Amino acid sequence: MAEIVPLTDAIAAAVHDGDTVAMEGFTHLIPFAAAQEVVRQGRRDLTLVRMTPDIVYDQLIGMGCARRLVFSWGGNPGVGSLHRFRDAVENGWPAPLEVEEHSHAGMANRYAAGASGLPFAVLRGYAGTDLPVHGATVKPITCPFTGEVLTAVPALRPDVAVVHAQRADRRGNVQLWGIVGIQKEAVLASARSVVTVEEVVDELDPRPGAVVLPGWAVGYVARAPGGAHPSYAHGYSERDNDFYVRWDAISRDRDAFRRWMREHVLERRAPGGSGG
Amino acid sequence: MTGGTPARPGGHSAAEMMAVAAARQLRDGMTCFVGIGLPSTAANLARATHAPALVLVYESGTIGSRPDRLPLSIGDGILADTADAVVSVPEVFNYWLQPGRIDVGFLGAAQVDRFANLNTTVIGPDYRHPRVRLPGAGGAPEIAASCREVIVVARHSRRTFVERVDFVTSVGFGSGPGDRERLGLGGAGPRTVITDLGVLEPDPRTCELVLTSLHPGVTLEQARAATGWPLAAARGGARRTEPPTAAELAALRRLERTRGVT
């Protein structure tokens with residue numbers, strides 16, 4: 001049964017040094033507040049898993065939290081490069097970053113296999129690309145019924161999933177809608193989970209197209225209003241596109257980045273107060 | 001040089017000509033898997049002009065989005081608000097893209113080679129120590145494999161149009177005729193490459209990209225100078241691209257003013 005706790009407690013309990021952590025949210029509901037709490041708590045040697053690393057992993061990588069990145073697209077959407085990610089790969093700053101890269105279809109299927117309790121997933125993908133040559137863990141597999149050769153990708157089984165949702169009820173049932181992405185699969189594939197929410201309500205009224213994660217399938221729920229900013233929570237906030245554009249200049253320079261992180265992350269406290 | 005937006009005869013920039021030429025490739029009623037940036041601009045321009053029933057599918061899982069402004073990202077809320085259906089990421093790739101339901105995939109790239117293979121991963125010969133680390137594959141490899149056909153948009157320069165890509169992120173025609181069939185790729189592959197200088201298409205016999213059209217004011221020599229392999233003109237010679245109409249330009253400029261506005 002999900003425990004409803006303050007964000008600081010949820011991160012302290014669920015995210016440990018050396019863990020494999022999947023923070024998901026496909027261009028929507030990105031768990032920024034939770035990620036920044038991981039930075040404040042000084043977690044190290046993380047293997048970060050995420051389809052679209054985005055600004056959220058630029059911050060974690062630039063602050064030296066990550067040892068390894070498993071991903072499929074690492075850019076600032078619509079703007080350009082993730083400069084901290086690039087600096088780590090190209091120059092080893094602040095620490096070398098190992099990468100394992102896949103395609104979106106491959107990553108999505110890896111999560112789905114993890115959520116399904118299967119060791120691998122099958123798809124048509126990667127054929128003819130250089131991805132398998134350079135570390136993407138994929139292998140050919142022959143269909144036992146037709147003889148067709150397809151591609152197998154291994155399941156993702158992270159230690160912990162971290163996601164943001166619109167709301168939860170007091171029993172920890174979580175409801176999210178809009179672009180629902182890969183969060184359900186990430187939570188179900190992981191051993192532990194932290195879900196931050198805009199609000200905790202008495203009753204979850206039905207929403208068209210919503211994903212509901214039953215409280216018994218969720219680890220920790222923490223209230224973090226605005227916790228997806230500069231991403232957004234459909235129905236609660238708009239994507240802060242200006243910030244995504246501004247991040248380019250903030251992140252381009254190592255000192256400017258560290259200054260920004262000190263002022264906006266390290267010297268601040270997690271949103272949500274006592275959590276309930 | 002092709003960067004920036006130099007004024008062209010007729011009062012449009014090279015970038016505008018590229019967006020308009022790309023939009024014209026889309027036919028009304030098609031289903032189109034759209035990447036962000038130029039592909040999204042061109043697809044929305046097509047919707048605003050000659051193809052109002054174009055079905056836009058974004059990899060964020062929004063199917064049939066009808067934004068009235070240009071999204072900054074593939075996840076802007078307006079894409080979900082205006083969609084016929086919003087599905088999960090595994091669903092958009094497994095149920096909608098993989099079986100070949102999508103007519104056309106619209107892709108950009110940092111490098112395009114003579115067989116229309118695309119690189120969005122790394123620049124430089126050493127993957128572990130890249131000269132430039134690019135964002136990576138995203139949905140592109142399976143879009144290039146599974147859409148019935150593919151349209152590529154890229155600015156024309158020797159940096160981009162190379163003899164051989166440093167990394168094959170997405171397969172065009174591999175190393176030539178027969179490779180797509182041998183690899184079991186479901187779609188027909190790149191049909192057209194739109195640049196800010198002209199239009200390239202694969203030669204039906206060799207699969208090599210050849211120049212089929214030059215935009216207004218551009219010479220064959222300019223296109224060759226901006227290409228990293230000996231660029232041939234299509235048999236019968238390159239056509240001349242029709243300049244943007246007043247309606248196309250007005251629609252494009254209106255869209256550009258709305259980019260990323262929430």
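In this predicted model, 44 residues of chain B are in contact with 45 residues of chain A. Within chain A, an assignment separates domain 1 (3-101 + 157-266) from domain 2 (104-154), and strand S13 (residues 192-201) of chain A pairs with strand S11 (residues 160-169) of chain A as well as with strand S15 (residues 220-223) of chain A.

**Contact between the chains**

- On the side of chain B that touches chain A, at least two residues each come from helix H3 (77-81), helix H4 (89-97), helix H5 (140-146) and helix H6 (179-183) of chain B, and H5(B) gives the most, with four residues.
- Sorted by class, that side of chain B comprises 19 nonpolar, 20 polar and five charged residues.

**Domains of chain A**

- The centres of domain 1 and domain 2 of chain A, taken over C-alpha atoms, are 26 Å apart, and their contact draws on eleven residues from domain 1 and twelve residues from domain 2.
- Strand S7 (98-101) and helix H6 (183-189) of chain A are the elements giving two or more residues to the domain 1 side of this contact, where H6(A) gives the most, with four residues.
- The residues on the domain 1 side are six nonpolar, one polar and four charged.

**Strand S13 of chain A**

- Because seven of its ten residues are buried, S13(A) is largely enclosed by the rest of the structure.
- S11(A) and S13(A) run parallel and are joined by nine bridges, with Val163(A) standing opposite Val195(A) in S13(A).
- S15(A) also pairs with S13(A) in the parallel sense, over four bridges, and Arg223(A) in S15(A) stands opposite Val197(A).

Conventions. Residues numbered from 1 in each chain as written. Chains lettered and ligands numbered in written order. Predicted model: local features only at pLDDT ≥ 70, side-chain atom pairs only at ≥ 80, totals over all residues. Buried ≥ 20, exposed ≤ 12 C-beta atoms within 10 Å, placed from the backbone. Pairing = 2+ DSSP bridges. Contact = placed C-beta atoms within 7 Å. Nonpolar A, V, L, I, M, F, W, Y, C, P; charged D, E, K, R; others polar. Domains from an automatic or database assignment.
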